[in-house]
Amino acid sequence: GSIVSAWGDDGGENLRENNWAAYAYSAAATWEQGTTINTDEFFQNFVTQQYGLNSPKLANAEKILGTVAIADNAFLARLFHLRPMIKNYNPNWLDSMKGMKKDMENAYKAILFYESRARMNQEHLITLDNISRRYLYLANRYETLNDIAMILGNKKSGELSEKDTIIIKKK
């Protein structure tokens, strides 16, 4: 046997509902020792059992939400509570945010479509809806902070042109 847990280490939030698929995957890996688990097949089976639906898009959404990893960040959940910093972010960081934004937009669309169609555990999908939007917020946040830094350059906010001020306000 094995035990899988998620603690929310070092001040990180732990959205327990987001962990169910990982708990099930870990259990399957333990029970099916000696075999290679096809993750796409696993998530499709999970969605069928969890929601009573046959949906590759929803299976992909579960997979995306359950396997979020951002380079150079050991504690993803703390990112939501960091003080916003207007600065030029590392291009690798921004690329990971752009990738996460695209993934979360796709996950959110699938979840939204299937929320009312699930035969069971609809409340779980409502939670995943929230989680996907939180990750979207995170991706948008860093993209916006970087965009503002690019506009500001070495200027102080009071030195911006009216046009740049309007652009920043729209962000």
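Residues are numbered from 1 along each chain as its sequence is written, and side-chain values use heavy atoms, with hydrogens and water left out. Because this is a predicted model, local features need pLDDT of at least 70 and side-chain atom pairs count only at pLDDT 80 or more, while totals for chains, interfaces and linings use all residues.

Reader: Let's start with the overall layout: what pattern does the protein chain follow along the sequence?

Author: Helices (H or I, at least four residues) and strands (E, at least two) are DSSP runs, numbered from the N terminus. The protein chain has six helices and zero strands. Read along the sequence, the pattern is α-α-α-α-α-α.

Reader: What percentage of the residues of the protein chain count as buried?

Author: Buried means under 20% relative accessible area, exposed means over 50%, and partly exposed lies in between (1.4 Å probe, protein chains only). The protein chain has 171 residues, and the share that counts as buried is 39%.

Reader: And how much of the accessible surface belongs to carbon and sulfur atoms?

Author: Accessible areas come from the Shrake-Rupley method with a 1.4 Å probe; for residues, only the protein chains shown count as cover. For the protein chain the accessible surface comes to about 10800 Å², and the part belonging to carbon and sulfur atoms is 51%.

Reader: Among contacts between residues at least 6 apart in sequence, what percentage join residues at least 24 apart?

Author: Contact means heavy atoms within 4.5 Å. Among the contacts in the protein chain that join residues at least 6 apart in sequence, those between residues at least 24 apart make up 65%.

Reader: Now the salt bridges: how many does the count come to?

Author: A salt bridge is a side-chain nitrogen of Lys or Arg within 4 Å of a carboxyl oxygen of Asp or Glu. By this rule, the count of salt bridges comes to four.

Reader: Which residue forms a salt bridge with Asp40?

Author: The closest N and O atoms of this pair are 2.7 Å apart, and the partner of Asp40 is Lys63. The pair links distant parts of the chain, 23 residues apart: Asp40 is in helix 2, and its partner is in helix 3 (residues 56-66). Asp40 is partly exposed at 48% relative accessible area.

Reader: Which residue meets Glu143 in a salt bridge?

Author: The side chains meet at 3.1 Å, N to O, and the partner of Glu143 is Lys101. Glu143 lies in helix 5 (residues 122-152) and Lys101 in helix 4 (residues 91-115), so the pair ties together parts 42 residues apart in sequence. Glu143 counts as partly exposed because its relative accessibility is 26%. At 22%, the other partly exposed member of the pair is Lys101.

Reader: How do two helices meet here; which residues of helix 3 make the contact with helix 5?

Author: Axes are lines fitted to C-alpha atoms, for helices over the stretch in contact, and angles run from 0 to 180 degrees between N-to-C directions. The axes of helix 3 and helix 5 come within 11 Å and cross at roughly 55°. On the helix 5 side, the contact is made by His124, Leu125, Leu128, Ile131, Ser132 and Tyr135, and on the helix 3 side by Leu58, Glu62 and Leu65.

Reader: Is Ala149 buried or exposed?

Author: Ala149 lies in helix 5. Leaving aside neighbours within four places in sequence, Ala149 is in contact with Ile86, Lys87 and Asn88. Its relative accessibility is 9%, so Ala149 counts as buried.

Reader: Which residues does Ala118 touch, not counting those up to four places away in sequence?

Author: Ala118 is found in the loop between helix 4 and helix 5. Ala118 is buried, with 7% relative accessible area. Not counting residues up to four places away, Ala118 touches Tyr51, Leu53 and Leu125.
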